[in-house]
Amino acid sequence: MKLAEICRALSLEVQAGAEHLEREVTGGYASDLLSCVMAKAQAGNIWVTLQAHPNIVAVASLLNLAGVIITEGVVPDESTVAKAKEEGVVLLLTPLTTFTIVGKLAAMGIAGVD
Amino acid sequence: MTDFTKLQELAYEVRIEEVMTKSPVTVSPDTTMAELREILREHRISGTPVVEGDRMVGIISLEDLIKALANGAMSARVGERMTPDPVTVYADETVVKAVNTFARYRFGRFPVVDREGRLVGILTRGDIVRGLLKQLEHEYHREEMLRARFNRFFDELIADIDSIVLRHEVKARDFEHAGEASSRVKRALNRLGVTPQIVRRAAIATYELEINIVIHASEGGEIIAEIQPEKIIIRAVDTGPGIPDIEAAMQPGFSTAPEWIREMGFGAGMGLVNVKRCADEFLLESPNGMWTSAKVVIYFPSFLERAQDPDDTSRS
């Protein structure tokens, strides 16, 4: 499934990387602990978190993640957005909680990495 | 991987502008159907966009020509017989988008426009198939090139120096730039054609060591990555405060990071565990709690076995 379809279905706001929404999503992962993300998330995964500092871009870029959904209406600061644009990382925003978003992703057929 | 799935994958990656026919033949609305017949015959094409000034106003096909011929309307102008406001595709969209458009509309060709609406090409099914096959061939070629380059690279290297070294200074508490050392290591390994799995392990190990310096080292430190023909050695060194109990530090979940750092999602006590998991060899030293030095070795055997196999030269 493409990122664009997920954005549409979940009404996500595209904060950075609008030109990369054709990316295929291979699965999903949710955590706010970066080391856990580094250990588990796979290339092409969508990552759901409420962290919004610039280092989430480094993590997403190193792991070649399809995109990052930032939950609970947290707005990433300018440096995060600027870095995401530079690195081609897709940042998506939602007012919903991580739990709800993950539930919706699962209902769309996005599976976890286990 | 079969060619079929590879082709599908390419359809998601390749852009329409890479496979379309550029600077297509066009006609004006004032062209007569008789003139159109000559143009189509001369260029051996079955249709063409109709352009007025720099604006595309329609599309006219062989089918329209045949109808005109049957109705004895060969002196009619293209503007009267064309399909106005044709469905278009954007040059920067992926081929898979065009495939969907073909499936939906059943037209034989679509004008390709840029985001300003200017006509930049024309796309037929044949263009897509030809373009993807060409790209497929190109991918094979590229892989061969990479392998050859990798071999040559190390042949030269061994004769000269025996490794390349990347050094990267890491500043204390600089979360904004944390990850840049790992990013450089990842890029270098990718360029050398190292397999994705090895690149991933090296990137994760480097990242965790880099973050450790950012979080814990009072004066920052340095990441030194040394890429040799058969392995990568990643060293992280700092000037203290050191790790009083290395055994405890290696336990999953053990962390001394302050609260404000944990709130950012760091300091979960999984960093060194991750490093160890990614490393073939891992050595952590911190004598007298003065400084810390971590050394990670990751071997890339599978790639070199493949790269050095002299029988594996054909791939058709």
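Tutor: Start with A:Leu105, which is found in helix H5 (residues 98-107) of chain A. Helices (H or I, at least four residues) and strands (E, at least two) are DSSP runs, numbered from the N terminus. This is a predicted model: local features need pLDDT of at least 70, side-chain atom pairs count only at pLDDT 80 or more, and totals for chains, interfaces and linings use all residues. Residues are numbered from 1 along each chain as its sequence is written, while chains are lettered from A and ligands numbered from 1 in the order in which they are written.

Is A:Leu105 buried or exposed? A:Leu105 is buried, because 23 other C-beta atoms lie within 10 Å. The cut-offs are these: buried takes 20 or more other C-beta atoms within 10 Å of the residue's own, exposed takes 12 or fewer, and partly exposed is in between, with C-beta atoms placed from the backbone.

Which residues does A:Leu105 touch? Set aside its neighbours within four places in sequence, and A:Leu105 is in contact with A:Gly28, A:Ile46 and A:Ile110. Contact here needs C-beta atoms, placed from the backbone, within 7 Å. Look at A:Ile46 again. Along the sequence, A:Leu105 and A:Ile46 are 59 residues apart, yet in space they are 9.5 Å apart, C-alpha to C-alpha.

Now widen the view to chain A. It holds five helices and five strands. Read from the N terminus, its elements run α-β-β-α-β-α-β-α-β-α. Of its 114 residues, 46% count as buried. Take the contacts in chain A between residues at least 6 apart in sequence: 53% join residues at least 24 apart.

Next comes helix H3 (residues 55-62) of chain A. H3(A) is mostly covered, with eight of its eight residues buried. They are A:Asn55, A:Ile56, A:Val57, A:Ala58, A:Val59, A:Ala60, A:Ser61 and A:Leu62. What covers them? The cover includes helix H2 (34-40), strand S3 (45-49), strand S4 (67-70) and helix H4 (78-87) of chain A, together with H8 and H9 of chain B. After H3(A) comes A:Asn64, with a positive phi near 55°.

Not counting residues up to four places away in sequence, A:Ala60 touches A:Trp47, A:Leu65, A:Val68 and A:Val89. A:Ala60 also belongs to the largest nonpolar core, which has 71 residues. Such a core is a set of buried Ala, Val, Leu, Ile, Met, Phe, Trp, Tyr and Cys residues joined through C-beta atoms within 7 Å. The residues with the most contacts inside this one are A:Trp47, A:Val59, A:Ala60, A:Val68, B:Ala202, B:Ala205 and B:Ile234. H9(B) brings the largest share of this core, 11 residues. A second, separate core has 15 residues, including B:Ile16 and B:Val95. In soluble globular proteins, nonpolar side chains tend to be buried together.

How do the two chains meet? 20 residues of chain B are in contact with 17 residues of chain A. On the chain B side, the elements giving two or more residues are helix H8 (180-191), helix H9 (196-216) and helix H12 (271-278). H9(B) gives the most, with four residues. That side of chain B divides into 10 nonpolar, seven polar and three charged residues. For this count, Ala, Val, Leu, Ile, Met, Phe, Trp, Tyr, Cys and Pro are nonpolar, Asp, Glu, Lys and Arg are charged, and the others, Gly among them, are polar.

Finish with chain B. It has 13 helices and 12 strands. Of its 316 residues, 31% count as buried. One strand to look at is S12 (residues 292-299). Its covered face holds B:Thr292, B:Ala294, B:Val296 and B:Ile298. The uncovered face holds B:Ser293, B:Lys295, B:Val297 and B:Tyr299. Two strands pair if DSSP finds at least two bridges between them. Eight bridges join strand S10 (residues 231-238) to S12(B), and these strands run antiparallel. Across them, B:Val237 has B:Ser293 as its bridge partner. Strand S11 (residues 281-285) is also antiparallel to S12(B), with five bridges. There, B:Phe282 is partnered with B:Val296. The hairpin of S11(B) and S12(B) has six residues between the strands, and in it B:Asn288 takes a positive phi near 55°.

How values were computed:
Contact = placed C-beta atoms within 7 Å.
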